[in-house]
Amino acid sequence: MGLNRFLRLDTLRGKTKTLAILIFIISSVLILSSSTYTRWQNSSAGCISCHSNEAKIKSLGYPYFYVTPEQVKKESKHKKAQCRDCHLGDGRTGDIDKAHKGMLKMIIVGEDGELLQRKNFFPHALKPEGDDQLNLLLPKIKVGDKLSVSADVRSIIYHDRSLETLGYDPEIAQKTCGKKGCHTNEIKQFSRTVMGTNFRQRAMKSWLIPYGPHNCGPSFADTSAAAKENKFSFENHDEIVKNLNTHFTKEQAVMKQKLCNACHAGCLDCHFTPFKGSGSHSFSKTPPAESCMGGGRGSTMCHAGSGESRRGSTYLGGTFSKPEGMKPDVHAGKLNCIDCHKTGAKGMGDIERKANCSKCHYDAVKALSKGRHKRLQCIACHTNEARGYQLTHWGEGYVGGKPNPFKKYFYYGIVSPPVIMKDHEGLWIPVKIMPHTVSNIKEPVPASNKVLFRWPDGETSDSYAILGTFDNLPSGNLHLAWLDIEKLSHSYNRARSCESCHGGNGAQRAVSQWEFADDQGAEPFKGSYKIIADKEGLRVTDIKAETPIRPYPGGNLSDFAPWYYLKDIWQVPGDYSIPSKDFKQGIDAYNRATGDLAKLKARIKENEFKTLKEKTVHGF
């Protein structure tokens, strides 16, 4: 009986062992099948079989889409990435329509905001063309012997954007750059930063809420900065309409918002670098300065828009300024932007606005901190002019080829020298001061009677002064007027003269020379104004056209040149003078010392020449 029991137990153990082996085999097969299916699912074999076949891709009419896996790996430095990891679509099928369904690709934005077909406007590989660094990647047409940017194309944006809103889309980024095994943490970090959420612009809910009127206008139809998706929302539109004397439809708000969204950055705007000439799949781990300035995609991208147009500063100089020709920053070519503007505590995309000059210029900063100019930021002395917008007016016009009450009219020019004033910490900074208006405001808005900082907690040093609303114009009343005051940050160059600050007994004077060269309103005309900052207040005076104003048919001065009627309203009370006590004696002493130093240098140079001549004569 014991033997039988033993035999039954042994048989049971054998069956259990067999079952375990069977389960192991089945599990292994399932795991291998799942792994094989995953590899098959992620395969880009279909992409490669077509795009790496030069004869085939030419026969289809797209020779510029010929590319090999080896080429992509070399250019992108992503040696394990498959085509569909970045472009999505179906990488397995040989059917063209199925393969490209849902595929991500470069987006060409037309001048009126419409999306353009690549084969009609960009029938070649994405590569730099011409000498114009600002517009290297934009499609060109040949005019005589020169290449000019196509007037039909506004900008190029990359495929981490929403086709609906044109804004950075966190969901697309999560499926591509942020997928498992790639840059998952970096995408999570970026999507929470000021840059990734477009926080500054999205915070502007109307022309007045929360921090006053702004050169870029409010966020017309965007979601809040806290939103995790990229879509249109009409909460701000409804708030704006409450205080308007004219119609502003949701369709008009969407068009304004799309053009705003296209300017703001996603991952590829920083790290995708085809403008470098190293291939159409070129990536850079460290974004070069050119990426920050739009990456060769014109003046509506990244800091080419906010920096060169609104602030009127430049880092790279040349065509990266409006008007062209501003001197590059002395650090350009030696330092990239992120060498000074470091990544902050929030990680990828949390770029610090403030730069610390003492890391390189320790002795100079230390000496400054002990001198009479210790309350000046370095840039207060080391920038000599501001370009970009000189006046901006929002009025009736066309946006996206359709009527819109918020067409933005530009005047570009040069103002020099920059006015300096105290920031929220009491430090003297250089600023660009610009008259602004927006028309068709319903309710009167009182003047602020002082300069207000846009971000009261000091996140930025930008400020403004509301001058009130005015109804003495032929149309568009009420007109809300303000001075937009932008802090200058570049370009750093040789310091301005002492007289430019202290030569007026404390009073500051600057002159703006500008040109109206919009495609709506009127033919181009030129003009100027003066800025005075003294003990009596801050004033923009003598705004005038210096060449004839010839409106286009239907053009209205109230829309594109309300300054013509508003005259001398551009003033804010307060003391904006520079302390001047004893500075006259200091300037005289400085000039004498400078003259003596120049003579000493000349004598030293002459003696060195004599010594060199003697050595040459005697054969040394």
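Pro417 lies in the loop between strand S7 (402-416) and strand S8 (419-422). Strands (E, at least two residues) and helices (H or I, at least four) are DSSP runs, numbered from the N terminus. The peptide bond from Ser416 to Pro417 is cis, with omega near -15 degrees.

The model is predicted, so local features need pLDDT of at least 70 and side-chain atom pairs count only at pLDDT 80 or more, while totals for chains, interfaces and linings use all residues. Residues are numbered from 1 along each chain as its sequence is written, and side-chain values use heavy atoms, with hydrogens and water left out.

A cis peptide bond also joins His490 and Ser491. Its omega is about 5 degrees. Ser491 is found in the loop between strand S12 (479-487) and helix H20 (499-502).

Positive phi values occur at two asparagines. Asn198 has phi near 55 degrees, a positive value in a residue other than glycine. This residue is placed in the loop between helix H10 (194-197) and helix H11 (199-202). Asn198 counts as buried because its relative accessibility is 11%. Buried means under 20% relative accessible area, exposed over 50%, and partly exposed in between (1.4 Å probe, protein chains only). For Asn440, phi is near 65 degrees, again positive in a residue other than glycine. Asn440 lies in the loop between strand S9 (428-438) and strand S10 (452-453). At 8% relative accessibility, Asn440 counts as buried.

Three strands form an open sheet in the order S2-S1-S5, with antiparallel pairing. Strand S2 (115-116) and S5 stand at the edges, each with a single partner strand, so one side of each has no neighbour in the sheet. Two strands pair if DSSP finds at least two bridges between them. Strand S1 (residues 107-110) is joined to S2 by two bridges, and these strands run antiparallel. Val109 has Leu115 as its bridge partner in S2.

Glu111, Asp112, Glu114 and Asp152 form a negative surface patch. Patch residues have over 30% relative accessible area and no salt bridge; like charges are joined within 9 Å, and nonpolar side chains (Val, Leu, Ile, Met, Phe, Trp, Tyr) within 5 Å. A salt bridge is a side-chain nitrogen of Lys or Arg within 4 Å of a carboxyl oxygen of Asp or Glu. Asp152 is found in the loop between strand S4 (146-149) and strand S5 (153-157). With 44% relative accessibility, Asp152 counts as partly exposed.

Definitions and conventions. Accessible areas come from the Shrake-Rupley method with a 1.4 Å probe; for residues, only the protein chains shown count as cover. Lys and Arg count as positive and Asp and Glu as negative; His and the chain ends are not counted. The place of a charge is taken as NZ of Lys, CZ of Arg, CG of Asp or CD of Glu.
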